Amino acid sequence: MDSFGLGNLLCLILFHTIDQTYALENTQEDFQGAANEEMKPINLLKLITEAKARLGPTFTWNKELDVVYDVQRSTMNHVLTPVDPIVYDEVNVNLGQGYSNKTGKFTCPKCGLYFFCYSSLPGRGLLTDVALIKNNKMVTVIHSVLPINSSQLSIKTVILDLHKGDQVWVKLVSGSLWSRNGSLSFQGFLLTHSAQ
C-alpha cells in the first residue's frame, strides 16, 4: 500500500471520522436564521496535514501524487429544490484539480482508493434524501425524517475504489437543504494510489 501503510490509513480514517462527527439540533429558535448556532467550516487540508504529522516519519507527503479537495456551499446559498448535482461554490482546497465548481463533480485524476465525506442540513421538519453518486449510480444516502421545528446536521463518509475518469458528486434527491457557515460540504482525498 504505497508508503502510507495500512495502520496509518486506518488512523487517518478514524481521526477524520471522529473529527467530523457531530450533530446540531435546535428546537426553540429558527435555525436557518438564528445567529446562536456556532458551526465552523473544517479545513480538510489542515486536518490531513496535522494527521500526517501525528503519524510520524513513516508517512510521506507528495503533492505530485496527492488528490485532496474540500468544498462547501456559501452561507445562505440554500438548495431549495432537488438538484443533480449540488454545485459547491466555495473551493477551500483542490490539490490535483479533481473537483469542478462549474459542474459540482469530482473527476478522478488518478486510480486508487478515495475517502469521501458529504453533509446534509435539511430544512425544518422535511423528509430529505441526499445521495453520493458514482458514475450515475447511487452509492450511499443520508435519509432524514425530522419532526417539525427541528434541524440536524448529518455527515456520511465512504471509501470508493476509483479509476481515472470516474466521477463522484452529491445529489439532492428530495427535500431542501440549508447552508450556513460551511454546513453543506463535500470532501474527498486519495488514500492510496493504484497502478490500474
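Start by selecting Ser 174: with a relative accessible area of 18%, Ser 174 is buried (buried is under 20% relative accessible area, exposed is over 50%, and partly exposed is in between, using a 1.4 Å probe and protein chains only). This is a predicted model, where local features need pLDDT of at least 70, side-chain atom pairs count only at pLDDT 80 or more, and totals for chains, interfaces and linings use all residues. Residues are numbered from 1 along each chain as its sequence is written, and side-chain values use heavy atoms, with hydrogens and water left out.

Keep Ser 174 highlighted and colour strand β8, residues 167–174, which contains Ser 174. Strands here are DSSP runs of E with at least two residues, helices are runs of H or I with at least four, and both are numbered from the N terminus. Now, what does Ser 174 touch, leaving aside residues up to four places away in sequence? Show Pro 82, Leu 127, Thr 128 and Asp 129 to see those partners; a contact means heavy atoms within 4.5 Å.

Next, hop to the loop between β1 (68–72) and β2 (90–95), where you'll find Pro 85. Select Asp 84 along with Pro 85 and check omega: the peptide bond from Asp 84 to Pro 85 is cis, with omega near 0°. For background, most peptide bonds are trans, and most residues other than glycine have a negative phi.

That second point sets up the next stop. Go to the loop between β5 (127–134) and β6 (137–145) and pick Asn 135. Asn 135 has a positive phi of about 50°, although it is not a glycine. Buried, partly exposed or exposed: which is Asn 135? Asn 135 is partly exposed, at a relative accessible area of 34%.

Then click on Asn 136, also placed in the loop between β5 and β6. Phi of Asn 136 is positive too, near 70°.

Finally, zoom out and switch to a cartoon. How many helices and strands does the chain have? There are 2 helices and 9 strands, and from the N terminus on they run α-α-β-β-β-β-β-β-β-β-β. Of the 196 residues of the chain, 47% count as buried. With the surface on, the accessible area of the chain comes to about 9400 Å², of which carbon and sulfur atoms hold 54%, by the Shrake-Rupley method with a 1.4 Å probe; for residues, only the protein chains shown count as cover.
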